[in-house]
Amino acid sequence: MQKVENTVSCEEELEWISKHSPRTTAGIEKLPDLKGCRIACSVHIDVKLVGFIKALMARGAEVFVIGCNRNTTQDDCVAVLKSAGAEAYAWRDMPEEEYQAGIQKAVEWGPTHLCEMGADISNALHSSPAMEPARKKVVAALEATGSGITKLQGLDLSYPVFNWDDVVVKECLHNRYMVGLSTWVTFMTRTNLSLHEKTVVVVGYGLVGQGLADAAKAFGGCVVVVERDPGRIIPARFAGWRTSSDLSPSLLAEADVIVTATGASNVVGAPHLAHLKHQCFLLNVGHRASEIDVSAIYAAGPRRVVRPYITEVTLAGGREIYVVSDGSMANLAAGTGDSINAFDTVVAVMLGGVRHITAGKGPESAAGVHLLPQEAWADFM
């Protein structure tokens with residue numbers, strides 16, 4: 001049998017996705033007329049979100065798209081969106097200064113509504129009094145990530161923002177199960193290694209961490225959970241996991257794989273390098289790449305790319321460690337993220353959210369963060 005190369009185009013993949021996304025297909029039909037809406041999207045520009053953005057434009061919205069992560073943007077998807085009429089400023093591995101410039105361009109574009117993963121545009125809109133004219137144009141917004149919600153809660157918001165990260169179907173499906181599953185599928189695909197006989201250290205035991213731990217065990221790993229919050233470490237113990245409150249030298253010397261899912265910065269960095277086991281893998285699935293201090297790790301010794309998305313760093317004494325996807329969220333930067341059928345539900349919630357902030361009760365809500373109500377998305381299920 002002749003070997004078939006994986007050369008599926010974005011448009012071909014979109015056709016496949018549409019065949020297996022019944023909730024999204026039904027939800028698109030329920031979108032209201034969006035003429036007059038200027039929707040700025042700061043999202044992972046992944047093929048599974050292209051159909052969502054194209055649907056907004058098909059209903060009459062003007063759309064400006066930026067990536068919410070410099071390392072997860074798919075350039076062919078950006079091209080498809082531009083050809084469909086969206087304005088976009090994003091490309092894979094764009095420099096930080098260009099990433100920040102994209103946020104500013106989205107602000108200057110004058111959106112009336114926001115659809116965000118990470119709250120970058122909202123944060124910029126509230127960065128100075130000079131932004132008040134732009135802030136006043138925004139009617140309402142959506143936010144999809146825990147890190148974004150944390151950021152928003154520190155702002156004196158000028159408009160209502162609807163948190164759909166905590167919507168039950170996203171929590172229980174995407175956060176709790178799919179991130180963990182897709183992370184280990186990505187790990188095994190990129191390394192050609194299984195987790196059998198490997199000590200897997202999961203740092204953070206929120207819903208994503210719980211999914212990572214369960215999936216790692218299912219794939220043969222010996223799991224240790226690291227969590228500082230007593231409200232989370234006790235449930236981890238009740239679940240039967242071996243636990244630790246920190247990345248101790250003895251644990252670092254034992255770990256074959258360390259995965260971070262905390263929302264914090266520099267969870268793994270220079271202070272840990274002296275203790276890391278030879279050939280330990282470091283990967284992150286948090287929203288930002290800053291959970292692993294990649295700059296400090298790359299400065300610690302010679303490095304080379306040994307496989308796609310796998311960077312080997314040689315430390316003092318000849319020990320080697322491996323950084324997956326430069327510390328960016330591994331399941332998306334090096335993999336394909338959620339399965340199509342699982343993400344179908346996520347997109348359906350997003351579509352319900354768009355309806356809520358454009359033609360529903362969303363704009364009537366007080367400024368501040370609100371949970372996206374079930375009435376906004378239930379009929380999309």
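Predicted model: local features only at pLDDT ≥ 70, side-chain atom pairs only at ≥ 80, totals over all residues.
Which residues in α1 are buried? Residues are numbered from 1 along each chain as its sequence is written, and side-chain values use heavy atoms, with hydrogens and water left out.

**Entry 1: helix α1**

I found C10, L14 and I17 buried in α1. Buried means under 20% relative accessible area, exposed over 50%, and partly exposed in between (1.4 Å probe, protein chains only). Helices are DSSP runs of H or I with at least four residues, strands are runs of E with at least two, and both are numbered from the N terminus. I take the arc from the directions between the helix axis and the C-beta atoms. An α-helix has 3.6 residues a turn, so residues three or four places apart point the same way. The cover over the buried residues of α1 includes α3, α4 and α15 (340-358).

**Entry 2: α1 on α3**

I looked up the packing of α1 (residues 10-19) with α3: the axes are 9 Å apart and the angle is about 80°. The two helices are therefore roughly perpendicular to each other. Axes are lines fitted to C-alpha atoms, for helices over the stretch in contact, and angles run from 0 to 180 degrees between N-to-C directions. Under 35 degrees counts as roughly parallel, over 145 as roughly antiparallel, 65 to 115 as roughly perpendicular, and the rest as oblique. From α1 the contact (heavy atoms within 4.5 Å) takes C10, E11, E13, L14 and I17, and from α3 it takes V47, K48, V50, G51 and K54. By class I get five nonpolar, one polar and four charged residues. Ala, Val, Leu, Ile, Met, Phe, Trp, Tyr, Cys and Pro count as nonpolar, Asp, Glu, Lys and Arg as charged, and the others, Gly among them, as polar.

**Entry 3: α3 on α4**

The axes of α3 (residues 47-58) and α4 (residues 75-83) come within 10 Å and cross at roughly 10°. That makes α3 roughly parallel to α4. I listed V47, V50, I53, K54 and M57 of α3 as meeting C77, V80 and L81 of α4. This contact has seven nonpolar, no polar and one charged residues.

**Entry 4: helix α5**

I read α5 (residues 96-108) as 13 residues reaching 19 Å from first C-alpha to last, close to the 18 Å expected at 1.5 Å a residue. The expected span is 1.5 Å times one less than the number of residues. Y99, G102, I103, A106 and V107 are buried in α5. Seen down the axis, these buried residues fall within an arc of 140°, so they line one face of α5. They pack against β2 (62-67), α6 (120-125) and α7 (132-137). On the other side of α5, I found E97 and E108 exposed. G110 follows α5 and has a positive phi, near 80°.

**Entry 5: single residues**

T199 lies in strand β7 (residues 199-203) and counts as buried at 10% relative accessibility. Leaving aside neighbours within four places in sequence, T199 is in contact with C222, V224, E254, A255, D256 and V257.

N266 has phi near 55°, sits in the loop between β10 (257-260) and β11 (280-284), and is partly exposed at 47% relative accessibility. S325 has phi of about 50°, sits in the loop between β14 (320-324) and α14 (330-333), and is buried at 7%.
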